[in-house]
Amino acid sequence: PHPWMSEERARFAGGLEDGAAILDVGCGPGHDTAHLAGLGFHTIGVDASDEMVRIARGNYPHVEFSRGEIVRGPLPPGPFDGIWAAYVLLHVPLLDQNATFQRLASLLRPGGVLFIATATAEEAEEVNKPIAGLMDDQGREVAVPSTRMPVASLMAFARGIGVVEWSRCINPIPGRGGALHLLLRRHAGS
């Protein structure tokens, strides 16, 4: 798992009941998904890259992984008690960020926990570039958005989905904006 997010993983897990259902969106090679499964949660990891899903399945054959797409593609049906979205929103086009927050909320059970880690900047920016492991049918790397948004915009999206902020950490990255780690809890009645 991402070693720099161990505190966030512990808080996320601590906010869930034993055996809770967790969706890890943008799971990559499955490290965080497997870590959470090892804590006794029922986890499902999804990634837009067939190659990442193949690697995750090879690394952790006892954990469930499938191809899924956070913006408009298929995702496992909810609701989930927790959603782990570590550095996946930075690959969502700026115009789709708010709808993606809404989609994640629709999969989250009332009272559920949502973790989001993403890149920030003073001004919204988007650059399309290839990402390792994401290939088209001819085996060529696919260019995807690399986005960064102001913290205030991301927090406005979070407030708009009926969640309360539980924990926030902003880590500045010199010359590149920063990283925002958010733990959110969906209102029990929403």
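Mentor: Two rings of Phe, Tyr or Trp (its six-membered ring) form an aromatic pair if their centres lie within 6.5 Å; planes under 30 degrees apart count as stacked, over 60 as edge-to-face and the rest as tilted. By this rule, ring pairs link Phe12, Trp84 and Phe115 into a cluster. This is a predicted model, in which local features need pLDDT of at least 70 and side-chain atom pairs count only at pLDDT 80 or more, whereas totals for chains, interfaces and linings use all residues. Residues are numbered from 1 along each chain as its sequence is written, and side-chain values use heavy atoms, with hydrogens and water left out.

Trainee: How many aromatic pairs does the structure hold?

Mentor: There are three aromatic pairs. The rings of tryptophan 84 and phenylalanine 115 are stacked, because their centres are 4.0 Å apart and their planes stand at 20°. Helices (H or I, at least four residues) and strands (E, at least two) are DSSP runs, numbered from the N terminus. Tryptophan 84 lies in strand E4 and phenylalanine 115 in strand E5, so this pair ties together parts that are 31 residues apart in sequence. Phenylalanine 101 and phenylalanine 157 make a tilted pair, at 5.6 Å centre to centre and 50° between the planes. Since the former lies in helix H4 and the latter in helix H5, that pair ties together parts 56 residues apart in sequence.

Trainee: Which residues of helix H3 are buried, and which are exposed on its other side?

Mentor: Buried means under 20% relative accessible area, exposed over 50%, and partly exposed in between (1.4 Å probe, protein chains only). An α-helix has 3.6 residues a turn, so residues three or four places apart point the same way. In H3 (residues 50–59), the buried residues are Met52, Val53 and Ala56. They cover an arc of only 100° around the axis, taken from the directions from the helix axis to the C-beta atoms, which puts them on the same side of H3. Asp50, Arg54 and Gly58 are exposed on the other side.

Trainee: Which members of the largest nonpolar core touch the most other members?

Mentor: In soluble globular proteins, nonpolar side chains tend to be buried together. A nonpolar core here is a set of buried Ala, Val, Leu, Ile, Met, Phe, Trp, Tyr and Cys residues joined through side-chain atoms within 4.5 Å. Of the 32 residues in the largest core, Leu23, Val25, Ile70, Ile83, Phe101, Leu114 and Ile116 touch the most other members. Helix H5 (151–160) is one of the elements that each supply at least two residues, and its five residues are the largest share. Apart from this core lies another, of 14 residues, among them Met5, Ala13, Phe41 and Phe115.

Trainee: How many salt bridges are counted?

Mentor: Side chains of opposite charge can pair when their charged atoms come close. The rule requires a side-chain nitrogen of Lys or Arg within 4 Å of a carboxyl oxygen of Asp or Glu, and the count comes to seven. Aspartate 81 forms a salt bridge with arginine 109, the closest N and O atoms being 2.5 Å apart. This pair links strand E4 to strand E5, 28 residues apart. Aspartate 81 is buried, at 19% relative accessible area, whereas arginine 109, at 32%, is partly exposed. Another salt bridge joins aspartate 96 and arginine 72 (2.8 Å, N to O). Here aspartate 96 is buried, at 13%, and arginine 72, at 64%, is exposed.
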